[in-house]
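The following exercises concern a predicted model. Work through each task before reading its solution.

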Amino acid sequence: MGNVPSAVKHCLSYQQLLREHLWIGDSVAGALDLAQMADHAEVMKGIRQHPGVRYPVLTPNLQGFHRAVAAGATEISVFGAASESFSKNNINCSIEESMEKFEEVVKSARLMNIPARGYVSCALGCPYEGSIPPQKVTEVCKRLYGMGCYEISLGDTIGVGTPGSMRRLLACVLKEVPQGALAVHCHDTYGQALANILTALQGVDLHKVMEAGDFICKAVNKTTNSKVAQASFNA
């Protein structure tokens with residue numbers, strides 16, 4: 001969202017999305033493209049926080065962590081990947097190198113009593129490597145949970161997951177990480193997000209999820225590509 005004004009980022013990341021307590025929110029501190037994320041402090045200061053909603057800030061390294069804390073962050077996140085190629089292209093380091101950086105960040109956070117959340121990209125497929133074995137995803141999740149992340153979010157980054165692959169992934173990951181410490185992040189690239197969410201979770205208010213997505217699209221003058229949302233809004 002580097003070209004989106006800070007005022008709109010406030011709405012996209014927090015106000016509209018979080019007032020229904022659908023998701024936790026994310027801002028970014030110390031990202032690789034510092035020019036695009038130079039206004040993270042402004043975004044943090046502009047947040048109108050709501051009771052019961054958490055506001056973690058993405059912190060890829062120790063420098064980003066200190067920037068986030070200085071900007072007022074009370075929770076942080078680290079974002080890794082289950083794909084070696086994606087990790088190198090996304091955060092310019094190998095999976096092992098990223099884990100070493102994350103351990104520094106999470107350790108510092110724990111010393112300051114700041115909760116840390118972990119993200120695993122490409123949990124169901126990678127644009128460079130294709131299918132990712134559940135065992136490889138599980139290894140990354142285990143590392144993140146072991147270093148102190150209270151929750152791990154499994155991301156279907158390119159939306160290639162199916163209910164079957166989601167079920168196999170969860171069966172593997174749950175052997176190492178408790179159910180209460182797992183979350184899923186599903187993209188609807190091929191119209192499978194709804195089915196994947198229903199496979200992983202029950203009781204999600206899907207209509208409010210779609211309303212939030214519709215708000216984002218309108219804010220950036222885009223039309224949703226979600227087949228689920230299109231079918232629902234046109235019904």
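**Exercise 1.** Determine whether S153 is buried or exposed, and state which residues S153 touches.

*Solution.* The relative accessible area of S153 is 4%. Buried means under 20%, so S153 is buried. This residue is found in strand β5, which spans residues 151-156. Leaving aside residues up to four places away in sequence, S153 touches R117, G118, Y119, V120, A183, V184 and H185.

**Exercise 2.** Classify the pair formed by the rings of F86 and Y128, and state which parts the pair ties together.

*Solution.* A pair of aromatic rings is described by the distance of the centres and the angle of the planes. The count comes to one aromatic pair. The ring centres of F86 and Y128 are 6.5 Å apart, with the planes at 45°. Planes under 30 degrees apart count as stacked and those over 60 as edge-to-face; the pair is therefore tilted. F86 belongs to helix α4 (residues 84-91), whereas Y128 lies in the loop between β4 (116-121) and α6 (134-147), so the pair ties together parts 42 residues apart in sequence.

**Exercise 3.** Identify the buried residues of α4 and describe how they are arranged about the helix axis.

*Solution.* F86, S87 and I91 are the buried residues of α4. Viewed down the axis of α4, they fall within an arc of 100°, so they line one face of the helix. For F86, the relative accessibility is 13%. Among the elements covering the buried residues of α4 are β3 (76-81), α5 (95-111) and β4.

**Exercise 4.** State which residue caps the N-terminal end of α4.

*Solution.* The capping residue is S83, with a side-chain oxygen 3.4 Å from the backbone nitrogen of S85. Just after α4, N92 takes a positive phi of about 60°.

Notes: Residues numbered from 1 in each chain as written. Predicted model: local features only at pLDDT ≥ 70, side-chain atom pairs only at ≥ 80, totals over all residues. Heavy atoms only, no water. Phe/Tyr/Trp six-rings, centres within 6.5 Å; stacked < 30°, edge-to-face > 60°. Helix = DSSP H or I, 4+ residues; strand = E, 2+ residues; numbered from the N terminus. Buried < 20%, exposed > 50% of the residue type's maximum accessible area, 1.4 Å probe, protein only. Arc of directions from axis to C-beta. Contact = heavy atoms within 4.5 Å. Polar contact = N/O pair within 3.5 Å; in protein donor to acceptor, adjacent residues only side chain to side chain.
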